[in-house]
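Work through the following exercises with the sequence and the coordinates at hand, and try each task before reading its solution.

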Amino acid sequence: AQVAIAAKPAAVFNYLTELEYHHLWNPHLLSISPQTSLKKGVSYKTTSLLLGVKVSGKNVVTKFISNQQLELQNNTGALQYRVSYRLSNGDDHKTLVSCTTSVSSKSEAFAFASPVLKLLARRELQADLQALKIAVEQRLE
C-alpha cells in the first residue's frame, strides 16, 4: 500500500513516530501506552478493535532510519504482525509513503478469517494511510 502526502518526509515521519498522533490516523486503536517517541528498540502496548474482537499487542521498533524508514513488530496476542513504512521524495514536493505488512494468527477468534486475513490487513492499511495523509495535510494548512 502507498500514498503520496503533500508534506516533507520529516513532517510525515513525525506522525508515524509520535504515538500521541496515532489515534488521528489509526481508527481501530482503542489505547496506546506509553505516549512516547519511537526509536529503535522502543516498545509500547496497544489495544485495538479488529473484526469486532479486542486485540492487545506489544509493538517493538525493529528498524528506525530518521525520516526514511520505520518498522514495527508484534509477536504477542491474538495477531502477530510486522509493519514497515518507507518514506521517499515524490513529485511536486510530496512524500511517498510505502507500507508493507505481514500478519498471522494462532487465535481461534481469527481462524474463520485466516484465508482473508492478508486481504483485510491490506485494505485496513490503505485506509490508515489515507487517514495519515488527511491528518498530516490538514495540520499543515
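This is a predicted model: local features need pLDDT of at least 70, side-chain atom pairs count only at pLDDT 80 or more; totals for chains, interfaces and linings use all residues.

**Exercise 1.** Classify the ring pair formed by Phe 13 and Phe 64, and state where in the chain its two members lie.

*Solution.* The structure holds 3 aromatic pairs, and this is one of them. The ring centres of Phe 13 and Phe 64 are 5.3 Å apart and the planes meet at 70°, so the pair is edge-to-face, given that angles over 60 degrees fall into that class. Phe 13 belongs to helix 1 (residues 9-17) and Phe 64 to strand 4 (residues 53-65), so that the pair links parts of the chain 51 residues apart. As for accessibility, Phe 13 is buried at a relative accessible area of 3%, whereas Phe 64, at 27%, is partly exposed.

**Exercise 2.** Determine the geometry of the pair Tyr 15 and Tyr 21, and decide whether each residue is buried or exposed.

*Solution.* With ring centres 4.4 Å apart and planes at 20°, the pair of Tyr 15 and Tyr 21 is stacked, since the limit for stacking is under 30 degrees. The relative accessible area is 6% for Tyr 15, which is buried, and 17% for Tyr 21, which is also buried, the cut-off being under 20%.

**Exercise 3.** Describe the side-chain pattern of strand 1 (residues 2-5) and its pairing with strand 7.

Terms used. Residues are numbered from 1 along each chain as its sequence is written. Side-chain values use heavy atoms; hydrogens and water are left out. Rings of Phe, Tyr and Trp (its six-membered ring) pair if their centres lie within 6.5 Å; planes under 30 degrees apart count as stacked, over 60 as edge-to-face and the rest as tilted. Helices (H or I, at least four residues) and strands (E, at least two) are DSSP runs, numbered from the N terminus. Buried means under 20% relative accessible area, exposed over 50%, partly exposed in between (1.4 Å probe, protein chains only). Two strands pair if DSSP finds at least two bridges between them.
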